[in-house]
Amino acid sequence: MIPTLFWTDGLFFLVLAMAGALVLVMRRREHFRRPWRTVSRSTPAMVSLVVIAVYLAVGIVDSVHFFPRADAAGSAAGANEPISLLDHWLGGLRTRTEKTYSEPFAAYAYAKEHLPTADGGQRWDYPRLTYGGAHLVDPESERVRDIAVTGVRGAGQGGLMWLIAAAGIAALIARSRREPIGRVVHRVARGQTPLPWRAMLLTLLLLCVGGGAIAEWSAHYHVFGTDKVGADVLYQTIKSIRTGLLIGTLTTFVTLPLALVLGLAAGYFRGWADDLIQYLYTTLNSIPHVLLIAAAILLTQVYMAKHEEAFASLALRADLRLLFLCLILGLTNWTGLCRLLRAETLKLRELEYVQAARALGVRDHGILLRHILPNVFHIVLISVVLDFSGLVLAEAVLSYINIGVDPTTESWGNMINSARLELAREPPVWWSLAAAFVFMFTLVLAANLFADAVRDALDPRRAE
Amino acid sequence: MSAYLIRRLLYAVPLLLGVNILTFLLFFVVNTPDDMARMQLGQKRVGPEAIRDWKHERGYDLPLLWNEGAEGTAQVTETIFYQKSVGLFLFRFGRSDQGRDIGADIRTRMWPSLAIATPSLVLGVAVNVSLALLVVLFRLTYLEFWGMALCVALMSVSSLFYIIGGQYLFGKLLQLVPISGYDGGRDAWRFLILPLTISVISGIGSGVRWYRTLFLDEVEKDYVRTARAKGLGELRVLFTHVLRNALIPILTGIVVLLPLLFTGSLLNESFFAIPGLGSYTIDAIQQQDFAIVRSMVYLGSTLYILGLLLTDISYTLVDPRVRLH
Amino acid sequence: MAILLTACGEGPWNSPYPAGAASGRTLFASFSERPKHLDPARAYSSDEFRIIGQVYEPPLQYHYLQRPYALEPLTAGVLPTVRYLDRDLKVLPDDAPEAAIAYSEYAIHLKPGIRFQPHPAFVRDSEGAYRYHALTDEQLASIARLDDFGERATREVTAEDYAHQIKRLAHPQLHSPIAELMKTYIVGFRELADVLKRDLDARGPRAVLDLRDYALEGVQVMDGQHYRVRLHGKYPQFRFWLAMPFFAPMPWEAERFYSQPGLVAKNITLDWYPVGTGAYQLIENNPNRRIVLGRNPYFHDEFYPTEGEPGDRESGLLVNAGNRLPFIDRVVLALEKETIPYWNKFLQGYYDSSGLASDNFDQAVQFSAQGNAELTREMLAQGISLETAVAASSYYMGFNLLDPVIGGLDERHCKLRQALSIALDYEEFITIFMNGRGIPAQGMVPPGIFGHLDGLRGINPYVYDWVGNAPRRKSIEAARQRLAEAGYPRGVDAVTGKPLVLYLDITARGPDDKSLLNWYRKQFDKLGIQLVLRATDYNQFQQKMANGNAQIFQWGWNADYPDPENFFFLLYGPNRKAGLGGENAANYQSERFDRLFERMRNMDDGPARLEVIQQLQEIVRHDAPWIFGYHPKSFALHHAWFRNLKPNLMANNDLKYQLIEPAQRVARQREWNRPRVWPLLVGLILFFAALVPAWHGYRRRQRASAL
């Protein structure tokens, strides 16, 4: 195992580290803690947070890449393409591919084939799957029972894990509040804690039970069926989580510096700097974004084609294209935030304490850092959280026009794009679409709910 | 007022120049004239001579920005940039790489775009406003809670799902409308129903939430309380006072969108095979016909700037207190 | 809702056509990408031929029913006669040795009385001047489409019009795709092209040249109905070119008419509005939405063939034998980019025929125990029929022979390529990606083309064994063996100890290609070879191919005409792509192959030619510059009311033979498209039901606040 770091991996961890640092900084300041306390009391927000945390965990595990050691048979293909820790754990899902489509939980393929019969002839029938339900002798009679039994077993294991986690959390609460654990459990169960622990734990229970059942099932079945070349759809949609998260977060690397520096500068210095910056963002804004993205994506493709020795592996190319897409989305996205920051800075610089600081001879960058930045920071936070879901949705649309992520990258957009034709089949192949829908919808919904709560809490006009 | 307008119009010139230079650089770095020629000449039996001739004929064999070989002003004018970009300022879009006149194409394709975008906007606003009013009317009931929950849910669904699902349900299962296609004249409405419905439904989530906040801001204001205290019914209060005062932000929000109606909706048009400007753009991207793409960028930018201008003007019209100078 | 109900009273609600359209003798079909060129000098792709094939008529055509494909006269009275001439233009006997033949001369005699479609370019006023050849701004103002010209006229076709079109092929501004090829054959063609280019350069790029002022030495108009084309050397394939729209007549009036700048600015050009003699004329060309063809009122007498292949009579293809063509009055081609709507509309009866994308294949077709494709029960119940044919095309994976790793004609490198040929399991490819719609290629020549052999004699012995009664791909062990002999045991370079890495250059267009890429990787992995996929866009790919920088690539070729020369020339040395810009993308160059090819191309079909072809096959199978992939089979479905359909992959003027029975179509469309409204009503009721309790709550609150 030789660990390797993709560009996006590194940047993703950097984002996480920065977010962590931000949390630490804000914890120490009362005026930041107050709105966040409001957020933490909101049930939808905290439930969403649990869901987002689970997605995030998957994304993180999927961002640790390494080259697997070549196996004894000396298969070369594996050694060049790095895999992630998640791939390693889901190894079975990744390699258990069928020939072509199969329904969720199916034991038979979706399409008929010629099968050799015992007497040497051929018959036209549904073939058994290589992996899905392969342990069953007679799927017709055993399958439903087996699914139920495995499901219950998996759910039970998930429940057990949840019990351990819940007990741990209760113990932690008890320690921090210096209360007996019995009373804590009692209060959590009745929903009498300031943080909505009951709802959060219930969500976690749901996720644990569901996850446990799916994990147990997926050892023997394709829970979300298989796609055209027989790849497991569950695996694809789980892999897509990382793509979605990266698109939603890495764009901040471009938006934040640009919007902050330019927005503050325009609002604070006014004059020609303001004119120039306004000119810049109006120009950029007036170009239809899709076209700008199309041009930039084509540009990266040309660049890669001309320097192909630098992108030896497919994974590296796909990764860089993802990174470029994030950066480009950032380039088209910073203008809105920049305008908000400019307007706010214009207001703030006229306030008395800023005027006073200036009269006292505090340097410009000192005023900007000490007085203005902390007071516009809520705008930045709100905008980052609000943009997240929009970006995840945008990825799907861009992939539809072939200017999204690389075709080999697992992403919901790519899944939808290749599955949109499958509904026309008879019977319709709905599972790829459904899987992408469920996973994407859950993430975006959670992000939206969380963003609502954050905005309500942080926006001074809304906080009553 | 007129001085203001003239100033704003003059301001548009450097903006458009910037757009022009930016797109020119982007697209010519991406797509060298050789690429264009190969793309347009087809796959079979294309020799290097054919490519050279193609470039020469369309003036793509000139230098990009500066002609060393020419004299005087020709150093600037005898370049691809000058020849391909200056015409844009006068809305002379020139020919596409395929040899068609882009201006003529835009003029014919803008009608289907308008035919779908205008009713989508009007109907969308009407539906969103009335649903938002309904939610505000029934505030503090379960309807508000579930309505808002539904809005968040609707917002969280990718627009692709709306289109794919809508075509499958209404076109294939229920057989109520043609799955896709377009026809001009009186028959157009049958093709427009489905894309219209879908664009309205996909906009409900964010639309209703937006208008609801507008209305709630108004509902809390003193004059509304006074009106209510006078004994006016809630319905009267909502429609006469709240709606009228919320009209300003509603209208100005719409005005900025008006010019962009021309450019159409990329997704709807290409899924439903509507021959508007949106699908024109997507086709051009996919066929890498950048003469069209640049024209559409330029057109889009102009319309955007026009939208900003209209918004400013509409502020003065609806609210006499705002003065432009 | 009420308006909806009343407005849709007459026909099915979901019909994409105006009411009553289905009851006419109109064919409804679709196109997925707008044709780029409709000028017969430029059009070269099948979707363009599909339209102009109905409008323009070259002297010859392929017999609609007969197989193997045979030429028959179309506007020519008889098949052209060929004479061979020596260097001094003396006539040689037909069996003269090839070396003695300096020129060959084709004499084409036309049928009398053939007229062009009605067109404004032919309209003359009382003094005989052309009315629309010098349009004023005033006249132009009222014109948006070709329809807007009030008058139309016709005139009889002369041999001059054919000669005119051949001259157009040399016009540098038209970029005719076959200009380079014709320069090597038609006498004086190169000179004409040079003169035209010189004059254009002198007069500026916007100048309009009148081709009547220029002579083409090799094309002589003998009289109104007779012209001759003189070629360098012997070129028997020329007769096939005479069946393509490149050689259709073009009236000079049309060229003059369309060259007016005012019309060009309105996109009214010859490239968009053809002027031909065929059974149909283009009525509406809106490539953004639809293309409409209508009957040409001046179409000459032509009759449905009275003879066909054995079996044609039984399948009803000869019911209309001897009837006057065409049968269909109007053809509406609608733009349809997405396959879902396209397929669904076909099933709803709104398209009369449909191709078969792999996404709806399972729904339509199943294979019988013998491996024959049959329609599923649901399709048969709808009265749909299936036509299949193996296309005269080849898809292959090419090696760039200039590449140091994979190229080279020494035994070691040939072994390496042979090993890969075995490893790439095209049988599996065809099942997975083509639903079995193709046959694995054994060599260069697809079935149906002279030189193709079935059975044991036709297999590629380097890749296949003959087992039982069928070819079977050699085992992967055999491939590993070859690989070891090539110096890469288990995919590792025996000398350096480094793993073998190969590069596949590919134009990946979207997510759909993902599974394909994975499949390729798996195939190479079987030999322990690492495959790096270099996915680029189309342009970059072309650039790489032109520079000879690719290593492995996939490519295909659609035959221009049914002759083996059209396939083997793809590996002809002087035809290399790198540096020379030819079609030999593998940059293959073998002296022995080139010599044999030069002999084969001019031979007449017969045992001697077959023998040479087999030698050529043996050379390329051994050298393996390609992995011979597969020949696709085309599958087409059509409804019961659409008749006289027989796949003819060479003929592109097949529309005039086909027939629609509108009454049946109307009945079926109505039967298949019954709108279902109740789910909508249920939805509405639910919505209002949800409002009722809320209304009560609101009333209660009102009352409470009023108190």
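Author: Let's start inside chain A. This is a predicted model. In it, 25 residues of domain 1 of chain A are in contact with 32 residues of domain 2 of chain A.

Reader: Where do the two domains of chain A run?

Author: Domain 1 covers 2–218, and domain 2 covers 243–449. The centres of the two domains of chain A are 28 Å apart, taken over C-alpha atoms.

Reader: How much area do they bury between them?

Author: About 2500 Å². Carbon and sulfur atoms carry 77% of that area.

Reader: And how many salt bridges between those domains?

Author: Zero salt bridges between domain 1 and domain 2 of chain A. There are five residue pairs in polar contact, with both residues at pLDDT 80 or more.

Reader: Which helix gives the most to the domain 1 side?

Author: H1(A), with eight residues.

Reader: New topic. How many residues does chain A put into its contact with chain B?

Author: Chain A gives 43 residues, and chain B gives 42. The buried area between chain A and chain B is about 3600 Å², with 76% from carbon and sulfur atoms.

Reader: Which three residues of chain A stand out there?

Author: A:Tyr279, A:Leu291 and A:Tyr400. Together they supply 16% of the area that chain A buries against chain B, more than any other three residues.

Reader: How many salt bridges this time, between chain A and chain B?

Author: One salt bridge between chain A and chain B. A:Asp452 forms a salt bridge with B:Arg209, and their closest N and O atoms are 2.7 Å apart. Chains A and B also have five residue pairs in polar contact, both residues at pLDDT 80 or more.

Reader: Okay, now chain C. What is its secondary structure?

Author: Chain C has 22 helices and 25 strands. Its C-alpha atoms fill a box of roughly 105 × 80 × 55 Å, along the principal axes.

Reader: How does the radius of gyration of chain C sit against a compact globule?

Author: It agrees, because a compact globule with 707 residues would have a radius of gyration near 27 Å, and chain C has 30 Å.

Reader: How much area do chain C and chain B bury?

Author: About 6100 Å², with 48% of it on carbon and sulfur atoms. The contact takes 71 residues from chain C and 68 from chain B.

Reader: What about salt bridges and polar contacts there?

Author: Zero salt bridges between chain C and chain B. Eleven residue pairs are in polar contact, both at pLDDT 80 or more.

Reader: Which element of chain C gives the largest share?

Author: H22(C), with eleven residues on the side that touches chain B. By class, that side of chain C has 35 nonpolar, 18 polar and 18 charged residues.

Methods:
Residues are numbered from 1 along each chain as its sequence is written. Chains are lettered from A and ligands numbered from 1 in the order in which they are written. This is a predicted model: local features need pLDDT of at least 70, side-chain atom pairs count only at pLDDT 80 or more; totals for chains, interfaces and linings use all residues. Side-chain values use heavy atoms; hydrogens and water are left out. Domain bounds come from an automatic or database domain assignment. Contact means heavy atoms within 4.5 Å. Buried area is the accessible area (1.4 Å probe) that two parts lose on being put together, summed over both. A salt bridge is a side-chain nitrogen of Lys or Arg within 4 Å of a carboxyl oxygen of Asp or Glu. A polar contact is a pair of N or O atoms within 3.5 Å; within protein, one must be able to donate a hydrogen and the other to accept it, and residues adjacent in sequence count only if both atoms are side-chain atoms. Helices (H or I, at least four residues) and strands (E, at least two) are DSSP runs, numbered from the N terminus. The radius of gyration is taken over C-alpha atoms; the globule rule is 2.2 Å times the number of residues to the power 0.38. Ala, Val, Leu, Ile, Met, Phe, Trp, Tyr, Cys and Pro count as nonpolar, Asp, Glu, Lys and Arg as charged, and the others, Gly among them, as polar.
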